[in-house]
Amino acid sequence: MALINPQNETQETYLFEAYLDSVKHIYVLLKAINFRDNAICFATDNGLKVTVEDSKCVQASAFIQKEVFQRYELNDEQVAFKVNLTVLVECLNIFGGSATALKMRYQGYGAPLIMLLEEGGVITDCSIRTLEPEDILDFNFQAANVLNKIIFRSECLKDIFAELDSSSDLIEMILSPDPPYFRITTSGTAGDTTIDIPKHSDMIETFQCTTLATSRYKLSHVKPSVKSLIVSQKVSIRTDDRGVLCFQYMIPADNYTCFIEFC
């Protein structure tokens, strides 16, 4: 990987520059939230956050901690830009393997996102046009306002979602400190499907419900989160006092855990 070694110095000054010796984890994370073409990238002192929105009512964010990168340099408090996520994901997979090293650079407003990818001594230089980021919806999902929280083993929740009637327009979720504890219901052309999961089920690692909460959501808004579910180990399901639903997926990345949050 010496051709794009993170220690190689360049004369240009970049607002953001990062190096990974394997694109495996960042590719998995970004592909999981790629249900819309465009994304807003935020580089902060804590790491890289990539956010996708749909119709100002669904939002998914992938969080890649600074420590996941072998090199991570930021020359501003925060750097933000809009990029075509579909193109970015395709570039990350250009060699089709996880042994691909990546150096990414962003010089500032109006400049493209530059990605150098190397595998087996072959280097590909990708330049992706960036746009000015628009404002994204602030769901203001705060821990202090969370009424109910359940942590599932992802494999189990994936099986539950597979049983739901995909012809249904809505999905109803009931979380309660008393039976049925956690109930998911869909109603479609094949009839009603109801799944009850008791709080002491082997599927559940944590069950913290303080009040009965019944909420309905469009199934089409929940479906894109299944891509994140498939690659995660655990998932936290939370609802707050406004009825906002938040899935937080925990995804292993070598010695670290990365997150995808889906509201």
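User: How many residues lie between E2 and E3 in their hairpin?
Analyst: This is a predicted model, where local features need pLDDT of at least 70, side-chain atom pairs count only at pLDDT 80 or more, and totals for chains, interfaces and linings use all residues. Residues are numbered from 1 along each chain as its sequence is written, and side-chain values use heavy atoms, with hydrogens and water left out. Helices (H or I, at least four residues) and strands (E, at least two) are DSSP runs, numbered from the N terminus. E2 covers 38–44 and E3 covers 47–54; the hairpin between E2 and E3 has a link of two residues.

User: Over how many bridges do E2 and E3 pair?
Analyst: Two strands pair if DSSP finds at least two bridges between them. Ala43 stands opposite Leu48 in E3. E2 and E3 run in the antiparallel sense, and the count of bridges is five.

User: How many of the eight residues of E3 are buried?
Analyst: Buried means under 20% relative accessible area, exposed over 50%, and partly exposed in between (1.4 Å probe, protein chains only). Across the 263 residues of the protein chain, 48% count as buried. E3 is largely enclosed by the rest of the structure, because the number of its eight residues that are buried is seven.

User: Which strand gives the most to the lining of the largest pocket?
Analyst: On a 1 Å grid over the protein atoms alone, a pocket is an open set of points with protein on both sides within 12 Å along at least five of seven lines, a cavity is a set where a 1.4 Å probe fits but cannot get out, and lining residues have an atom within 4 Å of a point. The largest pocket holds about 220 Å³, and of its 15 lining residues the closest to the centre are Asn38, Glu53, Asp54, Lys82 and Glu134. E2 and E3 each supply at least two residues of this lining. With four residues, the top contributor is E3.

User: How many charged residues are in the lining of the largest pocket?
Analyst: Ala, Val, Leu, Ile, Met, Phe, Trp, Tyr, Cys and Pro count as nonpolar, Asp, Glu, Lys and Arg as charged, and the others, Gly among them, as polar. The pocket lining has four nonpolar and three polar residues, and the charged count is eight.

User: How much space lies in the largest cavity?
Analyst: Grid points are joined across faces, edges and corners, and a volume is the space filled by probe spheres set on the points. One cavity of 30 Å³ or more is counted. The lining of the largest cavity includes Phe16, Leu48 and Val50, and by class has ten nonpolar, no polar and no charged residues. The space in the largest cavity is about 60 Å³.
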